[in-house]
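Please walk me through this protein for someone who has not seen it before. Start with the whole chain, then turn to the spaces inside and on it.

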Amino acid sequence: MSPTIYSIVISSLTTGTIITMTSHHWLLAWIGLEMNTLAIVPTISTKHHPRSTEAAMKYFLTQAAASAMILFSSTTNAWATGTWDITQMTTPMSNTILTIALAMKLGLVPLHFWLPEVLQGATLLTAMIITTWQKLAPMALIYMTINNLSPMILFSMALLSSMVGGWSGMNQTQTRKIMAYSSIAHLGWMMVIASIATNILTMTLLIYLTMTTTMFSSLILSKSKTIQDTMTTWTTSPTLTITMMMVLLSLGGLPPLTGFLPKWLILEELTTQNLTPLTTMMALSSLLSLFFYLRLSYSTTLTLSPNTTQTKHKWRFKTTKTTLPLSLITPISLFLMPIMPTITT
């Protein structure tokens, strides 16, 4: 992709998200979502491979259908109430359609099937954009309409997302699919608290974006597309290997890492709201996610010594072409690495 086209795509992504986040009219919000979709589709299909083309088509059809449902729900609400204001969604049918559309935009269960396939067909950089930046616009709409969305639908989707994300991630060997199911599980935690405490939702979203960006940056630097690739990361940068291990443990919510803080606060708030069965199910589902995070972190650190490697002995060969860039960019990932102890007030 030429620098001119790349700059146009990046500016369109940024502009579309900003338009959606700052608009109070449904048509402007829909225009921002469409700009986002049309900008990311050529980015997915840059490899000119059948798998990337298929991923781009799946992403386009899914996002177009979700945008059409959002437009339909806003039109139905405007027909009934006479207003296009985003915060004035008072029609029950419009709210239900909007909830389903936003769930499809984000990739919540049971509308999640497109996310692992799209990420598997895209590059690691594009997958990072889809799992981080592309979540901001739908989350902004959820923020603005959360008072009108059905809590029971959100709770059901949240519990299913947390369980399916953890259960399906255990069976994967591709790092992009593992990160896709990790995104689904984390979105479930965000949705379960969305209608109760938006401040905890904001904190959870920020921590998720930081950890996911750090993990994808580490995967991009080490060029790790499978679990087997992560087993030889130490040959190019041992520091990067430790970074990946710590970020994976933080993603799993292992105390005292930062990823434990949002889950702790969410479970505490759900208990305060007398939602004990939901709290128990969410806590148990987090164990599923923690299992495959521990498995991936174990395979990453299994080869910290050349005598324990289970793959080709990369340590016997020189890596002069990649050592310098890794040594320069690794501190950036370390700066983003969320390993600070959790502090509550």
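This is a predicted model: local features need pLDDT of at least 70, side-chain atom pairs count only at pLDDT 80 or more; totals for chains, interfaces and linings use all residues.

The protein contains 15 helices and 0 strands. Its 345 residues include 53% that count as buried. The protein exposes about 15,400 Å², and 69% of that area is supplied by carbon and sulfur atoms.

Isoleucine 142 belongs to helix 7, which covers residues 136–145. Its relative accessibility is 3%, and because buried means under 20%, isoleucine 142 counts as buried. Which residues is isoleucine 142 in contact with, once its neighbours within four places in sequence are left aside? They are Leu102, Leu106 and Met191. Threonine 99 lies 43 residues from isoleucine 142 along the chain, with 8.5 Å between the two C-alpha atoms.

Next come the spaces that the atoms leave empty. Rolling a probe the size of a water molecule over the atoms shows where such space is left. The largest pocket holds about 280 Å³ of space. Its lining consists of 15 residues, and the closest to the pocket centre are Lys47, Ala122, Thr123, Arg176 and Lys225. By class, the lining of this pocket has 4 nonpolar, 6 polar and 5 charged residues.

Among the helices, helix 3 (50–81), helix 5 (114–121) and helix 6 (124–131) each give at least two residues to the lining of the largest pocket.

Cavities are the other kind of space. The protein has 4 cavities of 30 Å³ or more. The volume of the largest cavity is about 90 Å³. Residues that line the largest cavity include Leu33, Asn36 and Thr37, along with Tyr59 and Gln63. Lys105, Trp114, Ile130, Gln134, Lys135, Ala137 and Pro138 also line the largest cavity. At least two lining residues of the largest cavity come from each of helix 2 (26–44), helix 3 and helix 7. Helix 2 gives the most, with 3 residues.

What lines the second largest cavity? Its lining is made up of His186, Trp189, Thr204, Met211, Ser250, Leu251, Gly259, Pro262, Lys263 and Ile266. Helix 9 (175–194), helix 10 (198–222), helix 12 (238–251) and helix 13 (260–272) each provide at least two of the residues lining the second largest cavity. Helix 13 gives the most to this lining, with 3 residues. Sorted by class, the residues lining the second largest cavity are 5 nonpolar, 4 polar and 1 charged.

Note on methods: Residues are numbered from 1 along each chain as its sequence is written. Side-chain values use heavy atoms; hydrogens and water are left out. On a 1 Å grid over the protein atoms alone, a cavity is a set of points where a 1.4 Å probe fits but cannot get out, and a pocket is an open set with protein on both sides within 12 Å along at least five of seven lines; lining residues have an atom within 4 Å of a point. Grid points are joined across faces, edges and corners, and a volume is the space filled by probe spheres set on the points. Helices (H or I, at least four residues) and strands (E, at least two) are DSSP runs, numbered from the N terminus. Ala, Val, Leu, Ile, Met, Phe, Trp, Tyr, Cys and Pro count as nonpolar, Asp, Glu, Lys and Arg as charged, and the others, Gly among them, as polar. Buried means under 20% relative accessible area, exposed over 50%, partly exposed in between (1.4 Å probe, protein chains only). Accessible areas come from the Shrake-Rupley method with a 1.4 Å probe; for residues, only the protein chains shown count as cover. Contact means heavy atoms within 4.5 Å.
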